[in-house]
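Trainee: I have a model open and would like to go through it with you. Can we take it piece by piece?

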Amino acid sequence: MDPVISIRGLGKRYAGGHEALKNVDLDIERGEIFALLGPNGAGKTTLISIVCGIVTPSEGTVTAAGHDIVADYRAARTKIGLVPQELHTDAFEPVWSTVSFSRGLFGKPPNPAHIERVLKDLSLWDKRKSKIKELSGGMKRRVMIAKALAHEPEILFLDEPTAGVDVELRRDMWELVRKLRESGVTIILTTHYIEEAEEMADRIGVIRKGELILVEEKHALMEKLGKKQLTLALSEPMDAVPDALAEWQLDLRSGGNELVYTFDANAERNGIPSLLRRMSDLGIGFKDLATHQSSLEDIFVSLVSEGSAA
Amino acid sequence: MTVGRFNRHGVWAIYAFEMHRFFRTIWTGLATPVITTSLYFVVFGSAIGSRMNTSDLGVPYGSFIVPGLMMLSLFNECIFNASFGIHMPRFTGTIYEPLSAPLSPFEIVLGYVGAAATKAMAVSLVILLTANLFVEVQILHPFWMVAFLVLIAATFCLFGFIVGIWAKGFEQLQIIPMLVVTPLTFLGGAFYSIHMLPEPFKTATLFNPIVYLISGFRWTFYGKGDVSVGISLAMTGLFLLVCLGVIWWIFRTGYRLKS
Ligand SMILES: Nc1ncnc2c1ncn2[C@@H]1O[C@H](COP(=O)(O)OP(=O)(O)O)[C@@H](O)[C@H]1O
Ligand SMILES: [Mg+2]
């Protein structure tokens, strides 16, 4: 199936000269929950804002539901709903009007039954006549979500949906996200918490300093995360890994000079002693050995530290 | 490029939102022009008007100033409503929504400017009705009166829209109407015929664009203006085009709307 969003060579340089996005390629599959993970200032909001038409890209193209977001912006934007990172609301508007307003803006005829459903799903029904300024921060965020869903979008962007949100809203929100996904809506959310991406997403993209440095299935990613590597610098280079070492699934690198063993750092038995024993039985010598975390782990460690420093 | 159909629900949403904002303050919105108009008649119409030589005007002074009063309020209402209408969402950040909606720049402008013009014209008509209580008002060319009213309202609302996008804060919204438009209106023959002025002021006044608007509008009432009605119409059309051009450029470049 064609991706629901297809991003090619996307770049953004802001007026001040800051390069917020660099040559981003990304495909989002229809119906998935995709988490864009990265520290503050990585370019998550910029990426979302370009797809939604709020920021003009410097380079590259984006299609949403098969429509180019510039040339065919009407068709593209009709399919997209956006919950921005900041709480931007019209203080004096009642909840019901502001949500109906959003539906109209996106070109849909009034549908009170749909608005009612959205408000009830977000526990806003009792507040439908309240002015937005009378609501708490959490309630305002619910209103923002209701506005984004008013026109029945096929693609929903949630920019840092849980920033400053209480536990209850967080739970309701994830429940809603799952429900939306079941109804076929594609969801793209941004976060700077690994746990959040892990909890919700089918796939995760990691963005840092404007570059999309990796995109992975969540399960594959989490598996890699727990991994460490043992590198053995061999005394004599070899052409192939001996069959007798097959069970450790070793990689031969550096022109046969290094053997690399990837193991689960959290497992009780990591297989290193038995590997070394077998090697000495076979008479394979090594000059040096080192273990290190997989490069992904490095990425995450720096991600988290940058994220908390910001 | 398949831009698709006109988004009438979207335009209506903006228009209705803006009108709803006006209705929240409808009583002050309407009482103010009624009171100020009445004051103008008391002060200008009776106190000063009775001492003026009105032989040039062809109508009593009180009747003479009605089109000018309507224009003065139209200019201010247009600029205030249209600039506030677009500045507010920029200020609160809610502008993200129309910008991310399937709306063309034309539709966004139509919603905001249409609502601002509707309100400004309504206030002008209230002034006309109030004036009618004090003095005799004639409208010789009703079709052209409406045409001028709509054209000038559209032009000044577009101008207000530009001010609302240009302004960096609410104080700046007030600057243009206070420092430019109101003085030009007072000096532009709202309360006198420029023929009453001695030279060189008479010629200098012809560089004031507002003169042409007021003159044309007054012609639709009493069949007599300071300049010919053709020139007035052409100048009105020219201002409209200039404003449209600037707005086209704003959306083209994203000036203060998109980064
Ligand atoms: N309107 C703007 N003008 C100039 N620089 C901006 C603008 N918006 C964002 N930036 C910069 O671009 C970078 C990416 O920002 P953003 O996309 O908001 O990151 P994130 O959402 O991942 O925190 C940051 O360095 C930020 O300062
Ligand atoms: Mg952000």
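Mentor: One term before we start: a residue is buried when its relative accessible area is under 20%, and exposed when that area is over 50%. Keep in mind that this is a predicted model.

Trainee: Which residue of β8(A) stands opposite A:L36?

Mentor: Strand β3 (residues 33–37) of chain A runs parallel to β8(A), joined by 5 bridges. Strand β7 (residues 155–159) of chain A is also parallel to β8(A), again with 5 bridges. For A:L36, the residue opposite is A:T190.

Trainee: Now the open sheet in chain A. Which are its edge strands?

Mentor: The sheet has 4 strands with antiparallel pairing, in the order β2-β1-β4-β5. Inside it, β1 (residues 5–13) and β2 of chain A share 6 bridges, and A:I7 stands opposite A:L26. An edge strand pairs on one side only, which leaves β2 (19–28) and β5 (67–68) of chain A.

Trainee: At what angle does helix α1 of chain A run to β1(A)?

Mentor: Helix α1 covers residues 44–52 of chain A. It lies across β1, β2 and β4 (59–64) of that chain. Its angle to β1(A) is about 115°.

Trainee: How many residues apart in sequence are the parts tied together by the protein donors of the magnesium ion?

Mentor: The magnesium ion (ligand 2) has A:T45 (OG1) and A:Q85 (OE1) as protein donors, 1.9 to 2.2 Å away. A:T45 sits in helix α1 of chain A, while A:Q85 sits in the loop between β6 (80–83) and α3 (95–105) of chain A, so the pair ties together parts that are 40 residues apart.

Trainee: Last one. Which exposed residues does α8(A) carry on the face turned away from its buried side?

Mentor: In helix α8 (residues 218–225) of chain A, the buried residues are A:K218, A:L221 and A:L225. They cover an arc of only 65° around the axis, so they are on the same side of α8(A). The face turned away carries A:H219 and A:E223.

Definitions and conventions: Residues are numbered from 1 along each chain as its sequence is written. Chains are lettered from A and ligands numbered from 1 in the order in which they are written. This is a predicted model: local features need pLDDT of at least 70, side-chain atom pairs count only at pLDDT 80 or more; totals for chains, interfaces and linings use all residues. Side-chain values use heavy atoms; hydrogens and water are left out. Two strands pair if DSSP finds at least two bridges between them. Helices (H or I, at least four residues) and strands (E, at least two) are DSSP runs, numbered from the N terminus. Contact means heavy atoms within 4.5 Å. Axes are lines fitted to C-alpha atoms, for helices over the stretch in contact, and angles run from 0 to 180 degrees between N-to-C directions. Donors are N, O and S atoms within 2.8 Å of the metal (3.2 Å for Na, K and Ca); water is not among the atoms, so sites may look incomplete. Buried means under 20% relative accessible area, exposed over 50%, partly exposed in between (1.4 Å probe, protein chains only). The arc is that of the directions from the helix axis to the C-beta atoms.
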